[in-house]
Amino acid sequence: MDLKQQFLKVYSTLPLGIRKEIVIVLDAPVGPVSWEAAYLEVENRTAVSEVILTKLHELQII
């Protein structure tokens, strides 16, 4: 299972209130990223999405 699929699996099980919370803080200029913002980045396959997925995997969140 690739990182995007792992992220989507975890994201889909989160309660709606938790999705607004910060999941990771990236270096400037991005800064704090909520679950919702991470989802948008991953779905749109932006350059930041690769960083988000890698960091979440390293932290064993996904």
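This is a predicted model: local features need pLDDT of at least 70, side-chain atom pairs count only at pLDDT 80 or more; totals for chains, interfaces and linings use all residues.
Biologist: Let us take the helices. How are two packed helices described?

Modeller: Two packed helices are described by the angle between their axes and by the distance between those axes.

Biologist: Then at what angle do H2 and H3 cross?

Modeller: Helix H2 covers residues 35–43 and helix H3 covers residues 47–58. Their axes come within 8 Å and cross at roughly 120°. That angle makes H2 oblique to H3.

Biologist: Is that crossing left-handed or right-handed?

Modeller: The crossing of H2 and H3 is left-handed.

Biologist: Which residues make the contact?

Modeller: From H2, the contact uses Ala-38, Glu-41 and Val-42. From H3, it uses Val-48, Ser-49, Ile-52 and Leu-53. Among the residues of this contact, five are nonpolar, one is polar and one is charged.

Biologist: What does Ile-52 touch, apart from its neighbours within four places in sequence?

Modeller: With those neighbours left aside, Ile-52 is in contact with Ile-24, Leu-26, Val-33, Ala-38 and Glu-41.

Biologist: Now H1. How do H1 and H2 pack?

Modeller: Helix H1 spans residues 3–13, and H1 packs with H2 at an angle of about 145°. The axes of H1 and H2 are 11 Å apart. The crossing of H1 and H2 is left-handed.

Biologist: Which residues meet there?

Modeller: H1 brings Lys-4, Phe-7, Leu-8, Val-10 and Tyr-11 to this contact. They meet Trp-35, Glu-36, Ala-38, Tyr-39, Val-42 and Glu-43 in H2. The residues of this contact divide into eight nonpolar, no polar and three charged.

Biologist: And how do H1 and H3 pack?

Modeller: The angle between H1 and H3 is about 70°, and their axes are 10 Å apart. H1 and H3 are therefore roughly perpendicular to each other. H1 supplies Leu-3, Lys-4, Gln-6 and Phe-7 to the contact, while H3 supplies Leu-53, Thr-54, Leu-56 and His-57. The residues of the contact of H1 with H3 comprise four nonpolar, three polar and one charged.

Biologist: What is it in contact with, beyond neighbours within four places in sequence?

Modeller: Beyond those neighbours, Tyr-11 is in contact with Arg-19, Trp-35, Glu-36 and Tyr-39. Tyr-11 and Ala-38 are 27 residues apart in sequence, and their C-alpha atoms are 9.5 Å apart in space.

Biologist: What about Leu-8?

Modeller: Leu-8 is also found in helix H1. Leu-8 is partly exposed, with a relative accessible area of 27%. Leaving aside neighbours within four places in sequence, Leu-8 is in contact with Tyr-39 and Glu-43.

Biologist: And is Lys-9 buried or exposed?

Modeller: Lys-9, in helix H1, is exposed, with a relative accessible area of 55%. The C-alpha atoms of Lys-9 and Ile-62 are separated by 8.5 Å, although the two residues are 53 residues apart along the chain.

Biologist: Change of topic: where do nonpolar side chains tend to be in soluble globular proteins?

Modeller: In such proteins, nonpolar side chains tend to be buried together.

Biologist: How many residues are in the largest nonpolar core here, and which touch the most other members?

Modeller: The largest nonpolar core has 14 residues. Phe-7, Ile-24, Val-33, Trp-35, Ile-52 and Leu-56 touch the most other members. The elements giving two or more residues to this core are H1, strand S1 (22–25), H2 and H3.

Biologist: Last topic, the backbone. Which residues does a cis peptide bond join?

Modeller: A cis peptide bond joins Ala-28 and Pro-29, with omega at about 10°. Pro-29 is placed in the loop between S1 and strand S2 (32–34). Most peptide bonds are trans, and most residues other than glycine have a negative phi.

Biologist: What is the phi of Arg-45?

Modeller: Arg-45 has a positive phi of about 50°, although it is not a glycine. Arg-45 lies in the loop between H2 and H3 and counts as exposed, at 66% relative accessibility.

Biologist: And what is the phi of Gln-60?

Modeller: Gln-60, not a glycine, has a positive phi of about 60°. Gln-60 lies in the segment after H3 and counts as exposed, at 70% relative accessibility.

Key: Residues are numbered from 1 along each chain as its sequence is written. Side-chain values use heavy atoms; hydrogens and water are left out. Axes are lines fitted to C-alpha atoms, for helices over the stretch in contact, and angles run from 0 to 180 degrees between N-to-C directions. Helices (H or I, at least four residues) and strands (E, at least two) are DSSP runs, numbered from the N terminus. Angles under 35 degrees count as roughly parallel, over 145 as roughly antiparallel, 65 to 115 as roughly perpendicular and the rest as oblique. A crossing is left-handed if the near helix is turned anticlockwise from the far one by less than a right angle, and right-handed if clockwise. Contact means heavy atoms within 4.5 Å. Ala, Val, Leu, Ile, Met, Phe, Trp, Tyr, Cys and Pro count as nonpolar, Asp, Glu, Lys and Arg as charged, and the others, Gly among them, as polar. A nonpolar core is a set of buried Ala, Val, Leu, Ile, Met, Phe, Trp, Tyr and Cys residues joined through side-chain atoms within 4.5 Å. Buried means under 20% relative accessible area, exposed over 50%, partly exposed in between (1.4 Å probe, protein chains only).
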